[in-house]
Protein chains: 2
Amino acid sequence: MSIRIGIIGYGNLGRGVECAVRQNPDMELAAVFTRRNPESLKIFTPTAAVAGVGEIAQWKDKIDVMVICGGSATDLPRQTPEYAKMFNVIDSFDTHAKIPEHFAAVDKSAKAAGKVAIISVGWDPGLFSLNRMYANAILTDGKDYTFWGKGVSQGHSDAVRRIKGVKNAKQYTIPVQSALDAVRSGKNPDLTTRQKHTRECFVVLEEGANAAEVERQIKEMPNYFADYDTIVHFIGDEEFAENHSAIPHGGFVLRCGKTGANGENSHIIEYSLKLDSNPEFTSCVLLAYARAAYRLDKEGQSGCKTVFDIAPAYLSAKSGEELRATML
Amino acid sequence: MSIRIGIIGYGNLGRGVECAVRQNPDMELAAVFTRRNPESLKIFTPTAAVAGVGEIAQWKDKIDVMVICGGSATDLPRQTPEYAKMFNVIDSFDTHAKIPEHFAAVDKSAKAAGKVAIISVGWDPGLFSLNRMYANAILTDGKDYTFWGKGVSQGHSDAVRRIKGVKNAKQYTIPVQSALDAVRSGKNPDLTTRQKHTRECFVVLEEGANAAEVERQIKEMPNYFADYDTIVHFIGDEEFAENHSAIPHGGFVLRCGKTGANGENSHIIEYSLKLDSNPEFTSCVLLAYARAAYRLDKEGQSGCKTVFDIAPAYLSAKSGEELRATML
């Protein structure tokens, strides 16, 4: 029998999950839940239902794992604890500083309901966290580096779009190649914010806007841009649509460590992602962990988990025998 | 209380494990067991015992996890099932094709004794296997690539040393940069053995040996060299000692996959290691899994496991709370 998947929220991430279900033959999409008028929503999967979020409770016995595709700022802190009372749930909560708090709230709901919840699933937090953790457990005497990009930062793009005179904007975070090379060389450099990443903005102006003033406001914006070298390009609507409508991302996690009787040997562990579509890739990670949640629930487990708590084999559709014979 | 570690076999790997114990404050080295005369063995750790392998049974209650540092060809198939009858054990069994058989033998012993065994721990099998598995579970429609090196292959070095007229030899496996670049570009190339790796040999000849004949025998050796482009250098004892006594290694695991409604987006996951000392790095991985074995045993689990079966958090000395707060 297939794992019946539900999706709450049908933005880029929800659509990505829908596409990813089709690449996993042991899963099927049961329903998509939306805050919009369900009649207005067109989805790809003819066999799946579209329903309003108000009807979710009626699906309690018809969905094995609910993938919650809301935003971390206001949606997930409310949604994940709420829906963990009825379903096994997965989310991609990515406000790193608030993870302990979110974990506690979700754990309480999921334990009380006897359901499994896996939070902060994706690539950072998610696969990058896993790599930081494995690398730290192995090279105990070492130093960590994370670089993001080249890719689109939604938060920074939004910040630019809020400036008066800006019609549209996209911001790319770009790792500084010389910094990456210095880390890879084993020099263990101390790097400032400015030395690690550059920010590049492509901006479409409203008619009559003052380009110099917009550029100044971007470059001096505290937290978002002031601590970085920022490049601003002004382009037209057409070029924006043609070259800047994708959502690529990626990055690098490195750990450099020493071993030996006197720390005489150096080692570098590097993990990197190069993604054409950030939401589609994140969706694939969410579904692998949905499979894990399904299995853990069948085993009678409950409560909140993170990627640190899930044995890798739970993610794979292959059996233990197959994995040992083909991938070990 | 510390995790009491035992080491069976005191070659490069055993010495690496001894060094690594000193980098893990929650562990202590209890004893090293050797097939040599224990009196003849000098170890670094003044507080640890040195004993003959014949005395191992007497240590049944004084060691929490035994790290078995024998070879995969003849030692481990016999040692790991045997010692799993008395101890929680870890090994680095790396004959990929025989893993299912080894797993079955070790599982039987460990289950009967109520002990935990974790086999095939290291980086390949081990960390590379983990990365293949995670990447396959996430990008279900994709292609895998593994490159090894630059690094020393002991098996190939041994093969060269067996040629008549060769006094000493070291063989380096080198990934072909253009092949690696083609994979990273997302082209999904089909690569032959020759296109993926080059082999470079540094050979010290016996006096009066025929260099041209040795070179011919190396380059035409079936399985080891015939399918590769091989470079042979003849050097003196001094240069050999100065430049070729280290045991570096490393490699790359990549998976390229597609997502989207019509597979229109490509993604590349890459994991790589650059290691000054293959045995010392492998030792660090063994000890992280020794911590996991200790904890699984305390939980009452038993039987044979691989890296696929162990939740990442078990490897870390940090608590779940600490991990979530600092690494997620």
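## Ground rules

This is a predicted model, where local features need pLDDT of at least 70 and side-chain atom pairs count only at pLDDT 80 or more, while totals for chains, interfaces and linings use all residues. Residues are numbered from 1 along each chain as its sequence is written, chains are lettered from A and ligands numbered from 1 in the order in which they are written, and side-chain values use heavy atoms, with hydrogens and water left out.

## Around A:Met66

Strand β4 of chain A covers residues 65-68. (Strands are DSSP runs of E with at least two residues, helices are runs of H or I with at least four, and both are numbered from the N terminus.) A:Val65 and A:Val67 point one way from β4(A), A:Met66 and A:Ile68 point the other way, and all are buried. Buried means under 20% relative accessible area, exposed over 50% and partly exposed in between, using a 1.4 Å probe and protein chains only.

β4(A) has parallel partners. Four bridges join it to strand β1 (residues 3-8) of chain A, and four bridges join it to strand β5 (residues 88-91) of chain A. Two strands count as paired if DSSP finds at least two bridges between them. In β5(A), A:Met66 has A:Val89 as its bridge partner.

## A four-strand sheet

Chain A also has an open sheet with mixed pairing, in the order β8-β9-β10-β11. β8 (151-152) and β11 (229-234) of chain A are at the edges with a single partner strand each, so one side of each has no neighbour in the sheet. β8(A) pairs with β9 (residues 166-175) of chain A in the antiparallel sense over two bridges, and A:Gly151 stands opposite A:Thr173 in β9(A).

Helix α8 (residues 211-220) of chain A packs on this sheet, touching β9, β10 and β11 of chain A, and its direction makes about 150° with that of β11(A). Helix α5 (residues 154-161) of chain A lies across β8, β9 and β10 of chain A, at about 145° to β9(A). Axes here are lines fitted to C-alpha atoms, for helices over the stretch in contact, and angles run from 0 to 180 degrees between N-to-C directions.

Over in chain B, B:Thr230 sits in strand β11 (residues 229-234). B:Thr230 is buried, at 10% relative accessible area. Leaving out residues up to four places away in sequence, B:Thr230 touches several residues, including B:Arg199 and B:Phe225. Contact means heavy atoms within 4.5 Å.

## Two chains meet

Chain A can be laid on chain B with an RMSD of 0.0 Å by a turn of 180° and a shift of 0.0 Å along the axis. The two copies are thus related as by a two-fold rotation axis. (Copies are superposed by least squares on C-alpha atoms of residues with pLDDT of at least 70 in both.) A:Ala311 comes closest to that axis among the residues of chain A, at 1.9 Å (C-alpha). The copies meet through the same surface, because 100% of the interface residues of chain A are also interface residues in chain B.

Helix α4 (residues 127-138) of chain A packs against helix α10 (residues 278-298) of chain B at about 105°, with axes 8 Å apart. α4(A) and α10(B) are therefore roughly perpendicular. (Under 35 degrees is roughly parallel, over 145 roughly antiparallel, 65 to 115 roughly perpendicular and the rest oblique.) Among the residues that meet are A:Tyr134 in α4(A) and B:Phe281 in α10(B).
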